[in-house]
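Please open the structure in your viewer and keep the selection tool at hand.

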Amino acid sequence: MVSRLFYLIETKHPDAIIAEEMVVVRNAQVARNLTMILGALYGKCIEENIEWQTLRPTEWRKLIDPGKKPRRREELKDWSKQKVCELFGLTNINDDVSDAILIGQAYLNMFKGDDK
């Protein structure tokens, strides 16, 4: 996965990489793997002078929609897919893809009204 991500960075030359900040994970191996992936990406961003930003799940969701959100994981997955459909007309995507789209949009929303 890291090799593929590095390849995308080297071929697409992004200005910024926005990742979801890791939340408490019950599975220690998953937590270790995610930490290594995020660390490798962060290092690559430093090497390539790419902006690195992480957003907590509650933070990016609030930047998308300040209203009340579901609390259960399955309901949040559905909310994410519905929000992407509402905002972008995209359907037939899984919740990982919808989360990634919304995290990117949340980052852009951080600058609404700025002169950046």
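A residue is called buried when its relative accessible area is under 20%, exposed when it is over 50%, and partly exposed in between (1.4 Å probe, protein chains only). This is a predicted model, in which local features need pLDDT of at least 70 and side-chain atom pairs count only at pLDDT 80 or more, while totals for chains, interfaces and linings use all residues. Residues are numbered from 1 along each chain as its sequence is written, and side-chain values use heavy atoms, leaving out hydrogens and water.

**First selection: the rings**

Begin with phenylalanine 111, which is partly exposed at 24% relative accessibility. Rings of Phe, Tyr and Trp (its six-membered ring) pair if their centres lie within 6.5 Å; planes under 30 degrees apart are stacked, over 60 edge-to-face, and the rest tilted. A search of the whole structure finds 3 aromatic pairs.

Select tyrosine 42 and tryptophan 52 to see a tilted pair, with 5.8 Å from centre to centre and 55° between the planes. Tyrosine 42 belongs to helix α2 (residues 28-48) and tryptophan 52 to strand β2 (residues 51-55), so this pair ties together parts that are 10 residues apart in sequence. Helices (H or I, at least four residues) and strands (E, at least two) are DSSP runs, numbered from the N terminus. Tyrosine 42 is partly exposed, with a relative accessible area of 40%. Now return to tyrosine 107 and phenylalanine 111: their ring centres are 5.1 Å apart and their planes lie at 75°, so the pair is edge-to-face.

Next, select Leu55, Trp60, Ile64, Trp79, Val84, Leu102, Ile103 and Ala106, the 8 residues of the largest nonpolar core. Such a core is a set of buried Ala, Val, Leu, Ile, Met, Phe, Trp, Tyr and Cys residues joined through side-chain atoms within 4.5 Å. Helices α3 (57-64), α4 (73-88) and α5 (95-109) each supply at least two of its residues. The largest share, 3 residues, comes from α5.

Finally, select aspartate 95, which lies in helix α5. Which residues does aspartate 95 touch, not counting those up to four places away in sequence? They are Lys77, Ser80 and Lys81, where contact means heavy atoms within 4.5 Å.
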